[in-house]
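The following note sets out numbered remarks for a colleague who has the coordinates at hand. It begins with side-chain pairing and then turns to the interfaces.

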Amino acid sequence: MKLSTLTLPVVFALAAWALWPRPSGGAAEVAPSSNPANVKYVIRVAPGFYMPDRRPMDVGKPLQGLNEVAADFEKLYPDTRIEFVDVPSVREWVVTQLAAGTAPDIMNINVEDVWQDVQKGWYVPLDSFLEQSNPFVPKGSPGSRQWWDMFKYQAISRGKAAPDGKMYCLTLDMIETGIFYNKSLFAKFGVSPPKDWVDFLRIQQIFKDAGYTPMLVDSGAIADWGMDLLFDQLYDQLLPGIDLSKDPKREQYLQGYLDWDEICYLHGKGYFTKDDARYLETFRIMKDWRRFMPLNLSSVDLTKEFINQRGPMWWSSSLSVYKLARDPDMAFPWGVFYLPAIPKSYSKYANGHPMCVIGGSATQLELSNSAIQDTHDVRTSERLKRCVAFLQFLCLPKNTDRVVNEWVALLPNIKGVPVQPELQPFDTILKRQYGTTKWMFTFDLRFDDVYQRMLELYLNGGVSLSEFVGWMQRDIDSGCSTVVRRKHLDLSKFDPVWRSLAPERARMEDLPHAP
Amino acid sequence: MLRRAIRSLPLYAILTPSLILLAIFNVAPFVLAFAASFFDFEIGGDSRFVGLANYVEYLTNDPTLLPSFENLLFLTFFACLFVTVCPLVVAKMIFSLKSERARYIYRLMFLLPVVVPGIAGTMIWGGLILGDSGLVNETLRLLGMEGRGWLSDPQTVLWALALIGFPFAGGINVLIYYAGLTSIPDTVHDAASMDGAVGLRKFLRIDVPLVMSQVKLLLILTIIGNVQGFEGLFVLTRGGPGFKSMVPGLWMYFNAFSFQRMGYASAIGVVLFLLILGLTVLNMRLIRSSEDLQAATI
């Protein structure tokens, strides 16, 4: 063989050796504690944000917290092994796995997505477990009476009960959004975080005139967070006249939250249509704000734009703290403020009350139908007992601390676990009042899809306000008919309440002319 | 007859596994999808027979039907135009090089980008080229003009999508045309030269008709690819803003896996199948290959 024919393979081999990933120095290897021969139950957990051995956002060291917790748990339950699986967080994947009965036993899914499918028996309600004591908690500590007592943000956690009254998720931590702002640019232009919406727009105009993209945000955030905040600003005052359902279990936490059945009923009365002045006003405000956003509303790397100082403000979640705090290209100090209230001077339907909470539960752990695959019966399943025990064990303060505080991104929802200093602003925001409704989680995904794409078209000048609201009207009609059919809802139950609230509505201005 | 059949048995035995796999993975899903199109069902939910209701709804009451087929027509037209012209011109230029080594190097150069996954290329276009601070907008700003949201603007989104892949001289297509050009006998070139056909005239009158088999193949593949494929659109625009870049295949995907309307999605799939079938037959009938041309002249 000639030397030249050998050279190339040798070079490739050397290059492969040089580039081969080395085990990270900081990552502690956690040996499986259970003897494989004794393992009777392999519990598959899809933990979402805390997937062990993965570097969140490709920054920092690989996570190990859950590995350590699982190892400790396996010592207590030698017949059980915890296996972590990294799964796509898309609903398409989850739905097919659940239908086939092959989903992980414990999964992190937005519970509002879960609500869509609870009637199919894909999820195990947690109420009976949450209402009992957590056996791992010492007597006298939160959780020794009721597991529920361990959770710090009670309103948000309990507010995740499904409209069928059952609780399908366990909220391990919280996420909140905020406006990240570039303190250097703010100082350079002599501005500070805004006092109200008018001031907010004024600051953005200053940056726009200087050639910046003032508000880094994408269409998804506008459709989801933006809509819910603006909706709350304009509709909150109407709640005494339109809040039709006073669920004793959820009302004390959700303070008038409008569920899908209430939205459907109100829609039938002319709300959220072209006859609803507040509905039109919501989208007018959004369009007015659009001029300060990126040209492309759906395909811009906002993190990069913020770090490269092309935009002084970025609406993002607490997850971004981790990235910003560790990005090597970060060359300026930054802070966080929340969206300011809309004053009456800007919109006649606003009253200047503070913007509501838009974030909430981050890691929402559900038990899937796989957790009862041994007996297919919640009462007799041993596998289910192990799954619940693992969740109870995870909720111990020292375990939650090991997992949630391993990276600075989310706020622990267990009492006694500290919030990291960088996340304090979000902790303050989370104390605000809960929103009036969450539009993106009200109806099916078809509604969301049509709403989101038509909103983007409207914001980009592709359709007029009246055309857009026409689309929305048809979209809500379709969403309502689907949810009524799937959930077998009887909206006529609201008729007496509707009539009883008539005097309240009589005191309100510009309501749709309901029959 | 029996002896012949017995003699062929080993051949059937060799073919059978492939036929079984083909039946399981290609034919059965098609038959199931066809059957599913007559039902209203969601994954894990109730199912009920609805006859032709899914077809009626799609063809008469779906707001995406017209815009999505218009978009598909637009994108397919440009894709066909580019696939017909650009790689052929590049192949001809390479073929015309005198040095065999230079031809080899150019062929290699045009083929190399094939190793980049298509979706990665699409994302590069979306972020680095058409993004807010992408190549196009920064160039415009350098020239004192305003940038645009190419993929968000309803007036530009389709044009931006159609032009992704510029200069459309993708490796495989160039090679297919190159192979076609090399198969033209030297005697044909010599005869054309003697008759005074040179340059562009020779290219249009001699080369182009004799690579019509390749044109036909690429056109069919492009049409099928455009009708079936939607991954680029999914990544870049998800068919938006609004339905400005929606295509039927993408809408079928959304209905099946996002909205869980499997029966409805199957009906869209059957409509697309019929469309592809029709277009392929049309293509076979209308475009004459080099073999057809040769047969006609004999």
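1. Glu382(A) and Arg386(A) both belong to helix H16 (residues 382-394) of chain A; because they are four residues apart in that helix, about one helical turn separates them. Their side chains form a salt bridge with an N to O distance of 3.1 Å. The model is a predicted one, and the distance is to be read accordingly. Arg386(A) is buried, since its relative accessible area of 11% falls under the 20% limit. Glu382(A), with a relative accessible area of 29%, is partly exposed.

2. A second salt bridge joins the side chains of Glu68(A) and Arg402(A), at 3.8 Å from N to O. Glu68(A) is in helix H2 (residues 65-76) of chain A and Arg402(A) in helix H17 (residues 397-404) of chain A, so this pair ties together parts that lie 334 residues apart in sequence. Glu68(A) counts as partly exposed at 28% relative accessibility, and Arg402(A) is partly exposed with a relative accessible area of 25%. The pair also belongs to a network of salt bridges that links Glu68(A), Asp72(A), Lys75(A) and Arg402(A).

3. Arg81(A) and Glu83(A) supply a further salt bridge between side chains, with 3.7 Å from N to O. Arg81(A) is partly exposed, its relative accessible area being 31%; Glu83(A), at 28% relative accessibility, likewise counts as partly exposed. Over all chains, the count comes to 31 salt bridges.

4. How many salt bridges are counted between chain B and chain A? The count is zero. H13(B) gives the most, with five residues. By residue class, that side divides into 16 nonpolar, 14 polar and eight charged.

5. As to the extent of the chain interface, 38 residues of chain B are in contact with 32 residues of chain A. The buried area is about 2,700 Å², and carbon and sulfur atoms give 52% of it. On the side of chain B, Asp132(B), Ser152(B) and Phe259(B) lose the most area to chain A, together 21% of what that side buries.

6. Within chain A, the domain assignment gives domain 1 (30-171 + 364-409) and domain 2 (177-359 + 434-506). The C-alpha centres of these two domains of chain A lie 31 Å apart. In chain A, 29 residues of domain 1 are in contact with 22 residues of domain 2, and the area buried between the two domains is about 2,300 Å², of which carbon and sulfur atoms give 62%.

7. Across this domain interface of chain A, zero salt bridges are found, and three residue pairs are in polar contact, both members being at pLDDT 80 or more. On the side of domain 1 that touches domain 2, helix H4 (111-117) and helix H6 (154-158) of chain A are the elements that give two or more residues. That side of domain 1 divides into 14 nonpolar, seven polar and eight charged residues.

8. One final residue deserves a remark. Ser316(A) is found in strand E8 (residues 313-317) of chain A and counts as buried at 9% relative accessibility. Leaving aside residues up to four places away in sequence, Ser316(A) touches Glu176(A), Thr177(A), Gly178(A), Phe180(A) and Trp225(A).

Key. Residues are numbered from 1 along each chain as its sequence is written. Chains are lettered from A and ligands numbered from 1 in the order in which they are written. This is a predicted model: local features need pLDDT of at least 70, side-chain atom pairs count only at pLDDT 80 or more; totals for chains, interfaces and linings use all residues. Side-chain values use heavy atoms; hydrogens and water are left out. Contact means heavy atoms within 4.5 Å. Buried area is the accessible area (1.4 Å probe) that two parts lose on being put together, summed over both. A salt bridge is a side-chain nitrogen of Lys or Arg within 4 Å of a carboxyl oxygen of Asp or Glu. Ala, Val, Leu, Ile, Met, Phe, Trp, Tyr, Cys and Pro count as nonpolar, Asp, Glu, Lys and Arg as charged, and the others, Gly among them, as polar. Domain bounds come from an automatic or database domain assignment. A polar contact is a pair of N or O atoms within 3.5 Å; within protein, one must be able to donate a hydrogen and the other to accept it, and residues adjacent in sequence count only if both atoms are side-chain atoms. Buried means under 20% relative accessible area, exposed over 50%, partly exposed in between (1.4 Å probe, protein chains only).
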